[in-house]
Amino acid sequence: MTPDLRQARTSHDYDYEISLPGRVVLQEAGIVLETRRIPAHKVAEYNPDQLLDADSLPGQLRVRNWRAGDRFWPAHTKSPKKIKELLQERRVAQPERGLWPVIFSGDEIVWVRGFAAHARFRVRAGHDALLISEQA
């Protein structure tokens with residue numbers, strides 16, 4: 001059956017502040033995100049692709065669903081990409097894609113669910129890290 005495009009789409013947009021350390025329930029996406037500070041001497045115990053440099057983040061953390069035009073630069077890639085393209089490459093279904101969480105620090109997307117940390121904000125040697133974890 002073809003959907004009726006004349007009907008108004010229900011918006012499921014969300015936008016929440018995250019504390020460090022902290023926890024936020026994303027009812028819209030059906031997950032809970034937690035943030036933890038990892039001391040520099042413990043960083044080696046974690047996957048570096050999942051750690052952000054706590055000292056280099058440009059502002060307060062906020063989580064929201066991705067929106068058209070959002071770009072992200074995952075570690076180990078040559079340049080930023082549209083989040084829509086990243087999700088399509090991973091074959092994320094359209095309904096789930098609209099609720100996909102991204103975390104901002106200042107005006108920059110620093111974390112996208114399921115992707116390596118932002119290339120510019122990955123933890124550096126001798127620095128405390130920020131770990132963002134997801135729970136269902």
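This note goes through the packing, ring and charge contacts of a predicted model.

1. Basis of the values. The model is predicted, so local features are reported at pLDDT of at least 70 and side-chain atom pairs at pLDDT 80 or more, while totals for chains, interfaces and linings use all residues. Residues are numbered from 1 along each chain as its sequence is written, and side-chain values use heavy atoms, with hydrogens and water left out.

2. Thr 35. This residue belongs to strand 3, residues 31-38 (strands are DSSP runs of E with at least two residues, numbered from the N terminus). Thr 35 has a relative accessible area of 2% and is therefore buried (buried is under 20%, exposed over 50% and partly exposed in between, with a 1.4 Å probe and protein chains only). A polar atom of the Thr 35 side chain lies 2.6 Å from the backbone oxygen of Ser 19. Beyond neighbours within four places in sequence, the contacts of Thr 35 (heavy atoms within 4.5 Å) include Ile 18, Pro 21, Leu 61 and Leu 130.

3. Nonpolar cores. The largest nonpolar core holds 19 residues, and those with the most contacts inside it include Leu 26, Leu 33, Val 63 and Ile 103 (a core is a set of buried Ala, Val, Leu, Ile, Met, Phe, Trp, Tyr and Cys residues joined through side-chain atoms within 4.5 Å). Two or more residues of this core come from each of strand 2 (22-26), strand 3, strand 5 (61-65), strand 9 (108-112) and strand 10 (129-135). A second, separate core has 12 residues, among them Trp 66, Leu 86, Trp 100 and Phe 104. Leu 33, setting aside residues up to four places away in sequence, touches residues including Val 24, Leu 26, Val 63, Ile 103 and Trp 111.

4. Aromatic rings. One aromatic pair is found in a search of the whole structure. The ring centres of Tyr 14 and Tyr 16 are 6.0 Å apart and their planes stand at 25°, so the pair is stacked (rings of Phe, Tyr and Trp, the last by its six-membered ring, pair if their centres lie within 6.5 Å, and planes under 30 degrees apart count as stacked, over 60 as edge-to-face and the rest as tilted). Tyr 14 is buried, with a relative accessible area of 2%, whereas Tyr 16 counts as partly exposed at 28%.

5. Charges over rings. Arg 90 lies over the face of Phe 115, 4.0 Å from the ring centre, and Arg 113 lies over the face of Trp 100, 4.6 Å from the ring centre (the criterion is NZ of Lys or CZ of Arg within 6 Å of the ring centre and within 35 degrees of the ring normal).

6. Salt bridges. The whole structure gives 11 salt bridges (a side-chain nitrogen of Lys or Arg within 4 Å of a carboxyl oxygen of Asp or Glu). Glu 34 and Arg 23 form one at 3.4 Å, N to O, and this pair links strand 3 with strand 2 across 11 residues. Glu 34 is partly exposed at 23% relative accessibility, while Arg 23 is exposed at 55%.

7. Further charged pairs. The closest N and O atoms of Glu 108 and Arg 120 are 2.3 Å apart in their salt bridge. Arg 113 also meets Glu 134 in a salt bridge, at 2.9 Å, N to O; Glu 134 lies in strand 10 and Arg 113 in the loop between strand 9 and strand 10, 21 residues apart. Arg 113 is buried, with a relative accessible area of 13%, whereas Glu 134 counts as partly exposed at 37%. Asp 15, Glu 17 and Arg 62 are joined in a network of salt bridges.

How values were computed
Helix = DSSP H or I, 4+ residues; strand = E, 2+ residues; numbered from the N terminus. Polar contact = N/O pair within 3.5 Å; in protein donor to acceptor, adjacent residues only side chain to side chain.
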